[in-house]
Amino acid sequence: MAIKITDECINCGACEPECPNNAIYDAGAAWRFSDGTTLKGVIDFGDGNTLNAEEAQAALSDDIYYIVPDKCTECVGFHDEPQCAAVCPVDCCVDDEDVRETEEELLAKKDWLHIS
């Protein structure tokens with residue numbers, strides 16, 4: 001699964017610098033796969049879809065901070081718990097019930113985002 005930010009978010013920004021994948025963005029901010037990762041140029045999702053990693057993507061929220069599910073690894077491989085949830089003063093960083101991934105899938109995503 002991924003983590004999501006609920007509408008109880010007070011826009012304090014405490015979560016954003018804690019994310020090892022740079023998956024958290026301010027309300028209204030465009031995001032890129034290349035932000036905080038080693039992904040560059042055209043990336044292949046393995047399902048026939050490709051995308052330029054440096055291409056700006058539309059904000060997922062214009063009202064509150066948001067987490068890009070395709071970049072969230074729940075901090076697996078980096079920390080023992082999701083750091084956004086650990087630092088959130090209002091506990092609005094919660095499991096996203098719409099995005100379920102195993103630990104193995106999360107580790108594979110981490111490796112894909114941070115190719116050594």
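Figure 1. Q83 is buried, its relative accessibility being 16%; buried means under 20% relative accessible area, exposed over 50%, and partly exposed in between, with a 1.4 Å probe and protein chains only. The residue belongs to helix α1, which covers residues 83-87. Helices (H or I, at least four residues) and strands (E, at least two) are DSSP runs, numbered from the N terminus. Not counting residues up to four places away in sequence, Q83 touches E18 and C75, where contact means heavy atoms within 4.5 Å. This is a predicted model in which local features need pLDDT of at least 70 and side-chain atom pairs count only at pLDDT 80 or more, while totals for chains, interfaces and linings use all residues. Residues are numbered from 1 along each chain as its sequence is written, and side-chain values use heavy atoms, with hydrogens and water left out.

Figure 2. A disulfide is counted for a pair of cysteine sulfur atoms within 2.5 Å. By this rule there are zero disulfides. C75 is in no disulfide, and the nearest cysteine sulfur, that of C19, is 6.0 Å away. C75 is buried, with 7% relative accessible area. For C93, the closest cysteine sulfur is in C84, at 4.1 Å, which is too far for a bond.

**Figure 3. C93 in strand β6.** Strand β6 comprises residues 93-96 and contains C93. C93 is buried at a relative accessible area of 8%. When residues up to four places away in sequence are not counted, C93 touches I3, K4, I5, C15, C84, A85 and C88. T73 is 20 residues from C93 along the chain, and the C-alpha atoms of the two are separated by 13 Å.

Figure 4. Most residues other than glycine have a negative phi. N11 is not a glycine, yet its phi is positive, about 60°. N11 sits in the loop between β1 (2-5) and β2 (24-25) and is partly exposed, with a relative accessible area of 34%. E74, also a residue other than glycine, has a positive phi near 55°. The loop holding E74 lies between β5 and α1, and E74 is buried at 13% relative accessibility.

Figure 5. G77 is found in the loop between β5 (66-67) and α1. Leaving aside neighbours within four places in sequence, G77 is in contact with L107 and K110. W31 is 46 residues from G77 along the chain, with 22 Å between their C-alpha atoms.

**Figure 6. The whole chain, for orientation.** Two helices and six strands make up the elements of the chain, in the order β-β-β-β-β-α-β-α from the N terminus on. The radius of gyration is 14 Å, close to the 13 Å that the globule rule gives for 116 residues, so the chain is as compact as a globular protein of that length. This radius is taken over C-alpha atoms, and the globule rule is 2.2 Å times the number of residues to the power 0.38. The C-alpha trace spans about 40 × 30 × 25 Å along its principal axes. Of the 116 residues, 39% are buried. Among contacts between residues at least 6 apart in sequence, 72% join residues at least 24 apart.
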